[in-house]
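Welcome, and please take a moment to turn the model around before reading on.

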There are 4 protein chains.
Amino acid sequence: MSHRYSVILSNVGSSADRFLTTGYSTPFTIPELFARVKQIPQVTGVELIGNWHVTERNVKEIKQHLEENELKLVSIIPDHFGQMKWKNGSFAAKDPSIRMEAVVHTKEMIDAAIELGGDLISLWPGQDGYDYLFQADYIQERDWFAEGVKEACLYRDDVKISLEYKVKEPRTHSYLSTVATSLLITQEIGTDNVGVTIDFGHALNAYETPAESVALLKKYGNKLFHVHMNDNFRHWDDDMIVGSIHTIETLEFFYWLKRTEYKGWLSIDQYPYREDGLEAVREGVNAMEAFAELVDCIPSGELDGLIRNGNAPEITAYLRKLLLPVR
Amino acid sequence: MSHRYSVILSNVGSSADRFLTTGYSTPFTIPELFARVKQIPQVTGVELIGNWHVTERNVKEIKQHLEENELKLVSIIPDHFGQMKWKNGSFAAKDPSIRMEAVVHTKEMIDAAIELGGDLISLWPGQDGYDYLFQADYIQERDWFAEGVKEACLYRDDVKISLEYKVKEPRTHSYLSTVATSLLITQEIGTDNVGVTIDFGHALNAYETPAESVALLKKYGNKLFHVHMNDNFRHWDDDMIVGSIHTIETLEFFYWLKRTEYKGWLSIDQYPYREDGLEAVREGVNAMEAFAELVDCIPSGELDGLIRNGNAPEITAYLRKLLLPVR
Amino acid sequence: MSHRYSVILSNVGSSADRFLTTGYSTPFTIPELFARVKQIPQVTGVELIGNWHVTERNVKEIKQHLEENELKLVSIIPDHFGQMKWKNGSFAAKDPSIRMEAVVHTKEMIDAAIELGGDLISLWPGQDGYDYLFQADYIQERDWFAEGVKEACLYRDDVKISLEYKVKEPRTHSYLSTVATSLLITQEIGTDNVGVTIDFGHALNAYETPAESVALLKKYGNKLFHVHMNDNFRHWDDDMIVGSIHTIETLEFFYWLKRTEYKGWLSIDQYPYREDGLEAVREGVNAMEAFAELVDCIPSGELDGLIRNGNAPEITAYLRKLLLPVR
Amino acid sequence: MSHRYSVILSNVGSSADRFLTTGYSTPFTIPELFARVKQIPQVTGVELIGNWHVTERNVKEIKQHLEENELKLVSIIPDHFGQMKWKNGSFAAKDPSIRMEAVVHTKEMIDAAIELGGDLISLWPGQDGYDYLFQADYIQERDWFAEGVKEACLYRDDVKISLEYKVKEPRTHSYLSTVATSLLITQEIGTDNVGVTIDFGHALNAYETPAESVALLKKYGNKLFHVHMNDNFRHWDDDMIVGSIHTIETLEFFYWLKRTEYKGWLSIDQYPYREDGLEAVREGVNAMEAFAELVDCIPSGELDGLIRNGNAPEITAYLRKLLLPVR
């Protein structure tokens, strides 16, 4: 199965956290970031973040970067998280003018995406949720959330809106928390162009088995629109290099991508705090390729057979021989 | 708001775990268990477990116990977890004859419930799920699951079937894992008599805010059919005494029960490994009553106002004055 | 029991995270931060962070702020986390020159503390640890860690060095991870002036019962030197307002502080991303005061009695009557 | 490096949990269990559990089983968890007569071990801890715990007492919770014959990196006396087949066993609820052998080099090529 690989532009750059807000290494300019992406041969597309990378005013400039570096625009991630005004939410904010701004900005990014040859918006409404108990009207705010996203979906039916769920951070509790919550919301919105982004690490954080999340989206309407890849230690969104921790979960994930005939992009979403971003992405992509190749070279039906039998010692023996062959 | 309180019959008895399978105290007979429940004045109903308490053959006997102790049958929890045959699942088992047995047993328990004056089945398909990666066909098995439960729902439309979700245990991963997964399944089944049981502790285990789980069930079809109460340390289903750990979560839960006009039973579901079961249930019920009374005596609109503003220091100050008044 | 309350200076200001690195509200100048602290009547001391607030060059200026606002210097937290040079560790860094800098900076901060009338360094070596598997020589790096901290301890025996543990963040794994690890390290260092800071939330993150952490430090050498207060949802260092989530854990913590005769400061360590920092600290201090008062007004021996019996229904009933009295 | 492999006798049998207390498959007699162990060629030793397998009265019988099946006694795990009398603790119980019984039973098992040719007691005081807040005198009970274990250690200095830590279950909080807590207790006891058992899964449950736990025990007194192997999903002691989830953690663990020159046994400690116990153990042992062989066949110094550099993309690339070579 041949996949298309991409990366969120900022991933090849410098990352910050709350203790070192100016970043763990020297920042790169946008042209430099594009040039760095270009150095990874398998990567043919890029995801851009609203405000961080693309605004209403720099679309032409961005177009030129894409062309010069022969990169496709995979998606735009509108900025619903990185400005002070979103601090109490975007689509689900208590303030109606903020809710309106969330929709307006999304529409602007839809326009920008079209102009840049893209057809996908990856929506991450990270500020929609709550921190404290007794802080939120869970029904009203979820209604607002679905209404706002629906308005964005109705704006252009030729652009897909893909919802990226995450159980927490930056809020202690997000509204778009799990794959199942996301499906409820896509059903509530009800348009064909709304779907879901699986971030591999976010799935782990929610105690999901990422392969099962792929299956759930297949089962309930074929709604897997986009994939973000990384890894973590389960408890937090560590955004580490693909395959660095969960060998078998990652393998099973790639197997289910193939089994469900996923046709979208596989995009790196790592936060290389202490690593060189370019090297971390390069390895992340190499890892994705290795997992995809391994799935392809397993004789047809062997994994299906394991699943059909469900016999744990047999499964474990098979995987052991696959990953730790006698040398 | 006046609630109806009940208890799962075995809760007043002795509990076992995998290290002490014969139980942490001397077992009680079924008549003794009924007599113990009778000693808790606020408790007017009881939940029975299939096989453990009620079978096709002892319905009359059970009826007599209910009458003698002036207890209503709140629900039957069919046994889909406590026999060897369910070890690889019940409704979602790979073996079609087991799947059939799961439905048959449910129908028997529906019949028994009707005979005992009940109208609720609380379904806990704890063995439906998987333990290992590459062990399950997540789509096929979830299809089977919904089909089987649907067949039970169609059997009698005057009996409610309430699905109790739990993220894990006894499997490392359950199919009926979270409130949102449960809602997807109720939508898939599509009958009016299918709904959801919130077990307070299971909600915590899934990193849900229990009050928000109540709200979600209200929002998506008014599907809260039943409540199991207990408490835990978030990471595992410790099944502790109500209110023993999460004071504010429990308060917010009772507030949202009132706000959404929940009319069902509040049932104790504790596992008193080292406690006297009767004393643990007595205190659990006292706690439920105290939380309900506190919600009732808060001047109308105060909590609504906190939620509308969403101001954390204001919320926290309010709760502090409520729980830790200057003495 | 009368406690002394303090706050980390930046807590009354604006907070940033990795998605909004410029902060969730407009930043305050250092004089403004001092003026804000001054507005909280119970707060009589302040903790300062190296580089962020205090450097070798601004000690006189800081002294003036302290005096003008009638605040004591409670501690300095040297900066071992907020500059690019620490990205691979401070005391345990693989680079020997960085390890040396970690010690040098600590000594400078010891000098500054003395000049400012303080006698406590609260050390948070947040970058000492690792992110990936196979990334660290766990023995060698822990040896370096203890050697470096010991050198700082030996510099001035009239200044206490208090080690603040945290299981993760910013690294996926910290060396100074839990209360027990901290005790091993204090024993390894072996000086009288080395001790441990409990951050209430960090204890919860490590699945510690905070009251038990107090007890452990009492048992193994009376090593509780300092306390940071906040709250969270157990899984992450959410740095929320004191008492906002864990009512009973906080009460038990204050009880054990009294029982073990803790004499140090109680310092707020919150991260008010979306709250007004001043209001959040004000409420955090009010909460600390309320918990301390509640412990004081419980008739002597009642809690001791509960603990001696260890009877869960009795304990839970007692706490229910305390927190949710019949109104 | 050649390892010695063993198994806890009950692992090849039937397992129960709290929902199916009579077990997920038909129980085996003790002779049958021995005969099953015998079928796994690499296994040359066995661990026995007090009461479950060995009592004061059946030592001769057990001796015969060992001889007939050519198995060594690796250790006895005294029963401090599987009888009603231990329900409120063993060495740390509030009742002094129970504390005495805990010591007496340990001494009996020491005698039995010697008679059976063993020199190791693997102590798992699973009931020592607490469930509820305000339930325990953390100082007093930990004092009792250390005193009791010390008395057992002093009984025979030619028998090693190895403490197996676990953060929770069956109590919500154990006293012997983490590797660092265990080290504090070994230091408190102070005899040469007291050490620590790492259970791989228990280390994961405590958010330890198992390889780091090995290193910590090396650093603080060379205290790794015994190893129990299994795997889990981090959050709970799922007791799954070795290597079934954490490929890289297991590899790093075996590398550090070699690096620290561990000479003890590697013992399977799995709970095969739904698997055939014999097949699950067979595969667990095959997995251990495969990991040990892989560590041995990596050119000397390569892993040391990765650790010395600590460069994450380089480490991840190396592991990818090792586990997912281009085919």
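How many residue pairs are in polar contact between chain B and chain D, with both at pLDDT 80 or more? The count is 20 residue pairs, where a polar contact is a pair of N or O atoms within 3.5 Å; within protein, one must be able to donate a hydrogen and the other to accept it, and residues adjacent in sequence count only if both atoms are side-chain atoms. Before going further, two notes on reading this text. This is a predicted model, in which local features need pLDDT of at least 70 and side-chain atom pairs count only at pLDDT 80 or more, while totals for chains, interfaces and linings use all residues. Residues are numbered from 1 along each chain as its sequence is written, chains are lettered from A and ligands numbered from 1 in the order in which they are written, and side-chain values use heavy atoms, with hydrogens and water left out.

Let us stay with chains B and D. Here 43 residues of chain B are in contact with 43 residues of chain D, contact meaning heavy atoms within 4.5 Å. The size of an interface is often given as the accessible area lost when the parts come together. Between chain B and chain D the buried area is about 3,900 Å², with carbon and sulfur atoms giving 58% of it; buried area is the accessible area (1.4 Å probe) that two parts lose on being put together, summed over both. On the chain B side, B:Arg18, B:Phe19 and B:Arg274 lose the most area to chain D, and together they make up 24% of what that side buries.

The term stands for a side-chain nitrogen of Lys or Arg within 4 Å of a carboxyl oxygen of Asp or Glu. Side chains of opposite charge can pair when their charged atoms come close. Between chain B and chain D the count is eight salt bridges. The side of chain B that touches chain D has 18 nonpolar, 12 polar and 13 charged residues; Ala, Val, Leu, Ile, Met, Phe, Trp, Tyr, Cys and Pro count as nonpolar, Asp, Glu, Lys and Arg as charged, and the others, Gly among them, as polar.

Now move to chains A and B, where 52 residues of chain A are in contact with 52 residues of chain B. About 4,500 Å² is buried between them, and carbon and sulfur atoms give 65% of that area. A:Phe134, A:Leu184 and A:Tyr207 supply 20% of the area that chain A buries against chain B, more than any other three residues. This interface has eight salt bridges. One of the pairs to find is B:Lys219 with A:Glu188, whose closest N and O atoms are 2.5 Å apart. On the side of chain A that touches chain B, the residues divide into 28 nonpolar, 11 polar and 13 charged.

Salt bridges also occur inside a chain, and over all chains the structure holds 90 salt bridges. In chain A, the side chains of A:Asp131 and A:Arg171 meet in one (3.2 Å, N to O). A:Asp131 lies in the loop between strand S5 (129-130) and helix H4 (138-155), and A:Arg171 in the loop between strand S6 (160-164) and strand S7 (173-174), so the pair ties together parts of chain A that are 40 residues apart in sequence. Helices (H or I, at least four residues) and strands (E, at least two) are DSSP runs, numbered from the N terminus.

How do helices cross within a chain? In chain B, helix H8 (residues 247-259) and helix H11 (residues 312-323) pack at an angle of about 100°, with their axes 12 Å apart. Axes are lines fitted to C-alpha atoms, for helices over the stretch in contact, and angles run from 0 to 180 degrees between N-to-C directions. That angle makes H8(B) roughly perpendicular to H11(B), a label for 65 to 115 degrees, whereas angles under 35 degrees count as roughly parallel, over 145 as roughly antiparallel and the rest as oblique. B:Thr247, B:Ile248 and B:Leu251 of H8(B) meet B:Leu319, B:Leu322 and B:Leu323 of H11(B), and these residues divide into five nonpolar, one polar and no charged.

In chain D, helix H8 (residues 247-259) and helix H10 (residues 302-309) have axes that come within 12 Å and cross at roughly 105°. H8(D) is therefore roughly perpendicular to H10(D). D:Tyr255, D:Trp256 and D:Arg259 of H8(D) make the contact with D:Leu303, D:Asp304 and D:Ile307 of H10(D).
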